Amino acid sequence: MHEWPIIHDERCQAREVRFTGEHVRIVLADGRIIGVPLSWFPPIHRATEQQRQNYTCFGDTVYWHDVDDGIDLTAMLTGLYIVQVSQRNSRPKPHVPSTWRYLEGGARRSSDGSEGVPFVHDTRNIPEKVRYTDEHLVFDLADGRILCLPARFCLKVAQASESQRQNYRLNGLIACWEQLDESINLIAMLTGFYDHDIPHPNSVIEAAKAAAT
């Protein structure tokens, strides 16, 4: 069995942190944003604005010095955090424990006892709703996290009419706009292992290259 990375090293590096009323939003090197409920991290939730701004991005980790707490991006992007489901689950029914494992030949759903590298948690990452802002396509995930994709990741959807945007279908970890002949794989968008033809602003590319050297 080969060893496979769980998230893309360069694309998933933290670059900036922003706070909203309910979420801490971490901007990644390629422009994606992963939003995590503040309530999951009480020390950061209780911190002052000054303390919240005293953080350091260490690649796939963000650490807040004044409150001695941090966020592991691998866990937050894949849903493979270790906690009782009932503590971090907004759905009325409990999740059925299920993960995808990355085996030779690709990511596959696995049952208990199968070999492979854990890749993403299935049910925690299922999108419950898709929203749109001026700059992002926003996925509300089942456990309360959000994933924001810049418009350039889904140009067909970004340039579509409002009625076309709303005409989508969610099928597990896939969002599909049949009218637009467009689909988005949440596994790829969460982990950074998407096709390389997505346009990247020069500044983002240069930042990723600089981080890798």
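This is a predicted model: local features need pLDDT of at least 70, side-chain atom pairs count only at pLDDT 80 or more; totals for chains, interfaces and linings use all residues.
View 1. Strands S4 (residues 55–58) and S5 (residues 61–64) run antiparallel and are joined by four bridges; two strands count as paired if DSSP finds at least two bridges between them. Strands here are DSSP runs (E, at least two residues), helices are runs of H or I with at least four, and both are numbered from the N terminus. Cys 57 has Val 62 in S5 as its bridge partner. Two residues sit between the strands of this hairpin, and Gly 59 in the turn has a positive phi of about 65°.

View 2. Six strands line up as S1-S2-S3-S12-S11-S10, with antiparallel pairing. S1 (14–19) and S10 (127–132) each have a single partner strand, so one side of each lacks a neighbour in the sheet. On average, neighbouring strands of this sheet are turned by 20° against each other, direction ignored (axes are lines fitted to C-alpha atoms). Five bridges pair S10 with S11 (residues 136–141) in the antiparallel sense, and Arg 131 stands opposite Val 138 in S11.

**View 3. Arg 52 in helix H2 (residues 49–52).** Arg 52 is buried (under 20% relative accessible area, 1.4 Å probe, protein chains only). Arg 52 has no salt bridge (side-chain nitrogen of Lys or Arg within 4 Å of a carboxyl oxygen of Asp or Glu); Glu 49, the nearest side chain of opposite charge, is 4.7 Å away. A polar atom of the Arg 52 side chain does lie 2.9 Å from the backbone oxygen of His 45.

**Notes.** Residues are numbered from 1 along each chain as its sequence is written. Local features need pLDDT of at least 70, side-chain atom pairs count only at pLDDT 80 or more, totals for chains, interfaces and linings use all residues, and side-chain values use heavy atoms, leaving out hydrogens and water.

Note on methods. Axes are lines fitted to C-alpha atoms, for helices over the stretch in contact, and angles run from 0 to 180 degrees between N-to-C directions. Buried means under 20% relative accessible area, exposed over 50%, partly exposed in between (1.4 Å probe, protein chains only). Lys and Arg count as positive and Asp and Glu as negative; His and the chain ends are not counted. A polar contact is a pair of N or O atoms within 3.5 Å; within protein, one must be able to donate a hydrogen and the other to accept it, and residues adjacent in sequence count only if both atoms are side-chain atoms.
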